[in-house]
Amino acid sequence: MHRLTSFGRFCCASLLVLGMQCGAWAQEADHPSGAPMVVGSDFGVAPWMVRGTGGPEGFGAELIREIGKRLGRPSVEIVDINFSGLFPALFSKRIEFTVNPLNITAERAARMLYTEPFFATGNGFIIRQADAMAGFDDLRGKVLAVNRGTISDTWATENAERYGFEVQRYDTFPDTVQAVLTRRAFTALNEIPTTVYAASRNRAIKVGFKDFNGRNFGYAFRLEDAEYRNRVEGAIECMKRDGSLRALYEKWYGEAPAEGSSLLTVYEGYGAPGFPGHDATPHAPACG
């Protein structure tokens with residue numbers, strides 16, 4: 001009996017080691033340390049990610065390149081994907097994770113793993129310079145343009161009947177702004193930082209109304225990628241701690257982030273607190 005017990009313990013230990021090795025092999029296969037980090041984003045969201053002469057530029061582009069550097073990856077390849085195609089690209093392993101400005105929601109968190117929040121946002125409504133919008137009631141009887149498949153699309157779908165507006169859907173954010181400029185739509189709805197930046201670059205439009213609602217951005221991973229999600233989040237936490245994330249925000253958005261915002265806050269555990277996929281286990285920062 002003692003020999004059988006010892007043998008059983010040996011088998012269990014062997015299986016445990018093998019399982020750990022398989023997990024490590026899977027992580028290396030999906031996130032090869034010696035190969036470029038392949039991530040996905042919509043390039044039409046300024047100043048987060050835009051096309052430049054030397055490749056993608058913006059807050060999001062510089063952020064993920066710095067994360068890749070801190071994780072020891074040789075380079076970062078950012079794949080331009082319309083928002084509606086982003087999740088299929090993630091689940092099919094065409095990309096390792098998403099790096100676009102992606103809202104953290106309970107519905108999405110049930111299907112993928114988020115990092116902790118690192119960018120606060122809300123609804124921004126772009127209108128023509130000569131028009132006015134004081135609140136949601138000013139949408140009644142008008143047309144609202146959104147980027148297909150985004151959280152803005154979700155909000156518009158859920159509130160169209162309540163506030164009495166029609167929804168037009170486009171594949172990119174610039175197309176929604178063009179709809180406003182050509183009077184096909186009264187307003188274009190997107191994230192507040194995106195709309196503020198767009199209005200600063202075009203005197204024909206302005207942000208007519210801002211709806212700060214407590215939403216936050218985070219990166220999204222496949223459910224089986226908790227280990228690599230945690231590594232990426234560790235790099236984000238270090239950037240919060242050493243002030244480099246603040247400096248990046250100030251460079252691209254031209255203002256200081258609000259004190260106490262998610263851009264400056266390091267959260268307990270890994271993932272987005274209060275959402276599926278959050279691991280509350282404390283961890284010590286491993287910043288160099």
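How much of the chain over residues 36-256 is helix and how much is strand, and how far apart are the end C-alpha atoms? Over that stretch the chain is 36% helix and 27% strand, and its end C-alpha atoms are 32 Å apart. Helices here are DSSP runs of H or I with at least four residues, strands are runs of E with at least two, and both are numbered from the N terminus.

A quick note before going on: this is a predicted model, in which local features need pLDDT of at least 70 and side-chain atom pairs count only at pLDDT 80 or more, while totals for chains, interfaces and linings use all residues. Residues are numbered from 1 along each chain as its sequence is written, and side-chain values use heavy atoms, with hydrogens and water left out.

Residues 36-256 carry a label from a record: UniProt, in an unreviewed entry, lists them as "domain: Solute-binding protein family 3/N-terminal". UniProt positions are given in the numbering used here, feature names are shortened, and annotations may be inferred rather than shown by experiment.

**The sheet of 3 strands**

Let's start with an open sheet of 3 strands, ordered S4-S1-S5 with parallel pairing. Two strands pair if DSSP finds at least two bridges between them. Strands S4 (76-80) and S5 (97-98) stand at the edges with a single partner strand each, so one side of each has no neighbour in the sheet. Strand S1 (residues 37-41) pairs with S5 in the parallel sense over 2 bridges, and glycine 40 has threonine 98 in S5 as its bridge partner. Helix H2 (residues 59-70) packs on this sheet and touches S1, S4 and S5; contact means heavy atoms within 4.5 Å. The direction of H2 makes about 145 degrees with that of S4. For such angles, axes are lines fitted to C-alpha atoms (for helices, over the stretch in contact), and the angles run from 0 to 180 degrees between N-to-C directions.

Two loops here are worth a look. In the loop between S1 and strand S2 (50-52) you'll find proline 47, which is joined to alanine 46 by a cis peptide bond with omega of about 0 degrees. In the loop between helix H3 (86-91) and S5 sits lysine 93, which has a positive phi of about 65 degrees although it is not a glycine.

**The sheet of 5 strands**

Another open sheet has 5 strands in the order S9-S8-S10-S7-S11, with mixed pairing. Its edge strands, S9 (166-170) and S11, each pair on one side only. From one strand to the next, the twist averages 25 degrees. S8 and S10 pair in the parallel sense over 2 bridges, and leucine 144 stands opposite threonine 187 in S10. Helix H5 packs on the sheet, touching S7, S8, S9, S10 and S11, and its direction makes about 150 degrees with that of S8.

Phenylalanine 136 lies in the loop between S7 and strand S8 (143-147). Leaving out residues up to four places away in sequence, phenylalanine 136 touches Phe125, Trp155, Tyr163, Phe209 and Asp211.

**Empty spaces**

Rolling a probe the size of a water molecule over the atoms shows where empty space is left. On a 1 Å grid over the protein atoms alone, a cavity is a set of points where a 1.4 Å probe fits but cannot get out; a pocket is an open set with protein on both sides within 12 Å along at least five of seven lines; lining residues have an atom within 4 Å of a point. Grid points are joined across faces, edges and corners, and a volume is the space filled by probe spheres set on the points. The structure holds 1 cavity of 30 Å³ or more.

| Largest pocket | about 410 Å³ | Ala120, Pro193, Phe212, Tyr249, Glu255 |

H7 gives the most to the lining of the largest pocket, with 5 residues. By class, that pocket lining has 14 nonpolar, 5 polar and 2 charged residues. The lining of the largest cavity has 5 nonpolar, 6 polar and 3 charged residues. Ala, Val, Leu, Ile, Met, Phe, Trp, Tyr, Cys and Pro count as nonpolar, Asp, Glu, Lys and Arg as charged, and the others, Gly among them, as polar.
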